[in-house]
Amino acid sequence: MMTSARSVALQTLIKVLNNNSYSNIVLNNALEKSNLSHTDKALATKIVYGTIQYKIYLEYQLKPLIKTRLKDKFIKPLLLMSAYQYFFLEKVPTNAIFDEANKLAKSFGKKNSGSYRLVNGILRSLDRRGEILPQKQDEIKYLSVKYSYPEWLVKYLIEQFGSKTGPEILESGNKAIPVSIRITANGQLQEVEQALTKEKFEYRLTPLTDHNLFVHPGQVVKTDLFKEGKITIQDSAASLAVDAFDFNGDEKVLDACAAPGGKTVQIAEHLITGTVTALDIHENKLSLIKNAAKRLKVSEKVKTKACDARLAKDYFSQKQFDKILVDAPCSGLGLIRRKPEIRYEKSLADIEHLSKIQLDILNSVAPLLVENGELVYSTCTITKQEDEDVVENFLQMHPDFELTTIQVGNLDKQKMVKILPNQYDSDGFFIAKFIKRG
Ligand SMILES: C[S@@+](CC[C@H](N)C(=O)[O-])C[C@H]1O[C@@H](n2cnc3c(N)ncnc32)[C@H](O)[C@@H]1O
């Protein structure tokens, strides 16, 4: 079988769309096995993620044109990825897309199966007809197809954020992601800027913080700056959660949901004699935290432990920690730009279920905090149930805790920080800070 960017994309999409395999794992395996050039790998990646991202839109375009049952399991993924290129890759000429689709249909299909003619016919009809969208009056259906999100999620975001911001959030989830790096305590802005310039990276400060830069191209992991722990990859909004603490440097800190350790190391950078205990429910993820700590040269300040944070109160004594971070497991709806599948995988039931876990974790760690200690709660989602409602429920259950205002990064002082993904070229993120009063 031939190996080309599109054949790798098709093999990947067959597994992802038919078997629900994880796109990043299947794609990385396929790319590693291939001998594609850097440019072809980039094209295969774009086609795979773009097709998944726009699946609802593409299915809507193709459905009226598919008049027979598609027996071969490669046909639907091939039609979807061809339609993706047709509608979204402006630089690729239509004939090239269709010729490639024909070649793939011939090579993936059984001999004399007619798949090739079927694919060719459907794509030619698509070209004759062009884009279709539902009536604008049917707002939910229209936005669902236009931006390719399930209808429940469109409805949910419109209800929460209104008819202006809701669609802006949907649109932002389809935009390309600029890679954000954080300059660590080992680096200095000027030094990092000089090294990036020397290595021909473009960069600019992020609007949210002065310690994060957007860099292009994003492959900074091979630079000495990264290897020496002077920079790390971290979203600018996510980097604000740790900024919400007021550190002295001698604190005992608990990071209750820590892997892969992005915030654990950030906490450790603020500590001189203090330590941070990093928990994660998945033991196999602890090595990620240890590796991050080693690279950032903070290993001696970081302890790791496999532990369900809902049971933390059984493992640690009361008032043992001066500061606690709960960067909770969440629906991740602030990360849609990075993870195209999230929009199809999550449901309202998941949001409800996660909000219970979040509250359980907060309840479990609350007794471990000293009087006047700081508890920061953060999520990379934007749902009220997982953000503001969890805060409110926690406050009701713990009259000894009070919500305190936060001033982080370049944002004004506010009661709780809610960053929407359409605002600052960052992930959607939420931060609340409590002080424990006696
Ligand atoms: C949002 S991620 C944390 C990201 C991390 N703080 C960072 O900045 O790199 C949430 C983490 O919580 C872990 N987790 C999920 N449920 C947990 C639980 N009950 N107790 C502890 N960790 C949990 C997940 O394995 C995941 O690694």
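Leaving aside neighbours within four places in sequence, which residues is lysine 146 in contact with? In this predicted model, lysine 146 is in contact with Tyr57 and Leu133 once those sequence neighbours are set aside. Lysine 146 belongs to helix α8, which covers residues 139–147, and it counts as buried because 20 C-beta neighbours lie inside 10 Å. Valine 265 stands 119 residues from lysine 146 in sequence, and the two C-alpha atoms are 40 Å apart in space.

**Domains and cores**

The protein is divided into domain 1 (5–129), domain 2 (139–172), domain 3 (179–233) and domain 4 (240–436). The centres of domain 2 and domain 4, taken over C-alpha atoms, are separated by 28 Å. Nine residues from domain 2 and eight residues from domain 4 take part in the contact between them, and the side of domain 2 that touches domain 4 is made up of five nonpolar residues, three polar and one charged.

The largest nonpolar core has 72 residues, of which Ala256, Ile324, Val326, Val365 and Ile431 touch the most other members. At least three residues of this core come from domain 2 (139–172), and at least three from domain 4 (240–436). Apart from this core lies another, of 39 residues, with Ile14, Met81, Leu123 and Val145 among them. As for valine 365, its contacts beyond four places in sequence are Leu254, Ala256, Ala309, Ala312, Ile324 and Val326.

UniProt, in an unreviewed entry, places the feature "domain: SAM-dependent MTase RsmB/NOP-type" at residues 169–437.

**The surroundings of the ligand**

Around the ligand there are 19 residues, of which Cys257, Gly262, Ala309, Asp327 and Pro329 come nearest. Helix α13 and strand β6 (275–280) each supply at least two residues of this shell, and the residues of the shell divide into 10 nonpolar, three polar and six charged. Under "binding site", the unreviewed UniProt entry lists Cys257, Ala258, Ala259, Pro260, Gly261, Gly262, Lys263, Asp280, Asp308 and Asp327.

Glycine 262 is in helix α13, which covers residues 262–270, and with 21 other C-beta atoms within 10 Å it is buried. Apart from residues up to four places away in sequence, glycine 262 touches Gln234 and Ala238. Aspartate 308 is in the loop between β7 (302–306) and α15 (312–315), where it counts as partly exposed because it has 18 C-beta neighbours inside 10 Å.

**Exposure in the loops**

| Residue | Other C-beta atoms within 10 Å | Class |
|---|---|---|
| Asparagine 284 | 9 | exposed |
| Serine 148 | 22 | buried |
| Lysine 319 | 13 | partly exposed |

Asparagine 284 is found in the loop between β6 and α14 (286–295). Its C-alpha atom and that of phenylalanine 394, which is 110 residues away along the chain, are separated by 30 Å. Serine 148 is in the loop between α8 and α9 (151–172), while lysine 319 is in the loop between α15 and β8 (321–327).

**Backbone details**

Most residues other than glycine have a negative phi, and most peptide bonds are trans. Serine 148, although it is not a glycine, has a positive phi of about 65 degrees, and lysine 319, also not a glycine, has a positive phi of about 55 degrees.

Where the peptide bonds are concerned, the one from histidine 216 to proline 217 is cis, with omega near -5 degrees, and proline 217 itself is in the loop between β3 (212–216) and α11 (224–227). The bond from alanine 259 to proline 260 is also cis, with omega near 5 degrees. Proline 260 is in the loop between β5 (252–255) and α13, and both Ala259 and Pro260 are included in the "binding site" listing of the unreviewed UniProt entry.

How values were computed
Residues are numbered from 1 along each chain as its sequence is written. This is a predicted model: local features need pLDDT of at least 70, side-chain atom pairs count only at pLDDT 80 or more; totals for chains, interfaces and linings use all residues. UniProt positions are given in the numbering used here, feature names are shortened, and annotations may be inferred rather than shown by experiment. Helices (H or I, at least four residues) and strands (E, at least two) are DSSP runs, numbered from the N terminus. A residue is buried if 20 or more other C-beta atoms lie within 10 Å of its own, exposed if 12 or fewer, and partly exposed in between; C-beta atoms are placed from the backbone. Two residues are in contact if their C-beta atoms, placed from the backbone, lie within 7 Å. A residue is near a molecule or strand if its C-beta atom, placed from the backbone, lies within 6 Å of it. Ala, Val, Leu, Ile, Met, Phe, Trp, Tyr, Cys and Pro count as nonpolar, Asp, Glu, Lys and Arg as charged, and the others, Gly among them, as polar. Domain bounds come from an automatic or database domain assignment. A nonpolar core is a set of buried Ala, Val, Leu, Ile, Met, Phe, Trp, Tyr and Cys residues joined through C-beta atoms within 7 Å.
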